[in-house]
Amino acid sequence: RVFADRGYEAATVREICRRAGANVAAVNYHFRDKQGLYTQVLLRMAGAAQLERMRATLDQSAPPEEILRRVIKARLQGLGADQMPDWHFRIVAREFAHPTPAMSRMIDKVSRPLYERLLDLIGQIIHLPADHEKTRLCTHSVMGQIFLYALACPILSKLWPGMKTTPEQMDRIADHIADFSL
């Protein structure tokens, strides 16, 4: 919450430890420094279970169109009403506006492997190599639709008060994204 409230630069290890009731030396011992702590915050926000579900979905043997549909559903399943607290959204928004070195670590460790697998999957669907510009543009279009719901639910629920992030509605949204994309 300190990172969300103040941003990475203005947050202090001292305040974080005070709020957590922890010793400042514990941050140095477990994370080396503020950057290490912040990197772990980002990685935990990404959710190990969610990432494993995405990897497992991408590893399935099925037609690529069906795997894409499953990937979209797997990603949207974690967006229940209480799955992403407000402070997660604020950290992500700050990180997009002012990327830190921790974001680069997260991209290399988490995002890039999934992105490359998604490029390959969509390349199979459109019969182009993974590194083709059109494959990348199509992949970014799918990702953009998912990111809209993952990151802008607080805004979307104001624009569409009937939108609830129930599992049933998220499944309908996932089906829509897949149908629209395919």
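**Aromatic rings and a charge**

Author: In this predicted model, the charged end of Lys34 is placed over the ring of Tyr8, at 4.5 Å from the ring centre.

Reader: Is Tyr8 buried or exposed?

Author: A residue counts as buried when its relative accessible area is under 20%. The value for Tyr8 is 14%. Tyr8 is therefore buried.

Reader: How many aromatic pairs does the structure hold, and is the pair of Phe3 and Tyr8 stacked or edge-to-face?

Author: The structure holds three aromatic pairs. In the pair of Phe3 and Tyr8, the ring centres are 6.1 Å apart and the planes lie at 20 degrees. Planes under 30 degrees apart count as stacked. The pair of Phe3 and Tyr8 is therefore stacked.

Reader: What is the geometry of the aromatic pair that Tyr8 and Tyr38 form?

Author: The centres of Tyr8 and Tyr38 are 4.9 Å apart, with 50 degrees between the planes.

Reader: Which helices hold Tyr8 and Tyr38, and how far apart in sequence are the parts that the pair ties together?

Author: Tyr8 belongs to helix α1 (residues 2-10), whereas Tyr38 belongs to helix α4 (residues 34-46). The pair therefore ties together parts whose separation in sequence is 30 residues.

Key
Residues are numbered from 1 along each chain as its sequence is written. This is a predicted model: local features need pLDDT of at least 70, side-chain atom pairs count only at pLDDT 80 or more; totals for chains, interfaces and linings use all residues. Side-chain values use heavy atoms; hydrogens and water are left out. Rings of Phe, Tyr and Trp (its six-membered ring) pair if their centres lie within 6.5 Å; planes under 30 degrees apart count as stacked, over 60 as edge-to-face and the rest as tilted. Buried means under 20% relative accessible area, exposed over 50%, partly exposed in between (1.4 Å probe, protein chains only). Helices (H or I, at least four residues) and strands (E, at least two) are DSSP runs, numbered from the N terminus. A charge sits over a ring if NZ of Lys or CZ of Arg is within 6 Å of the ring centre and within 35 degrees of the ring normal.
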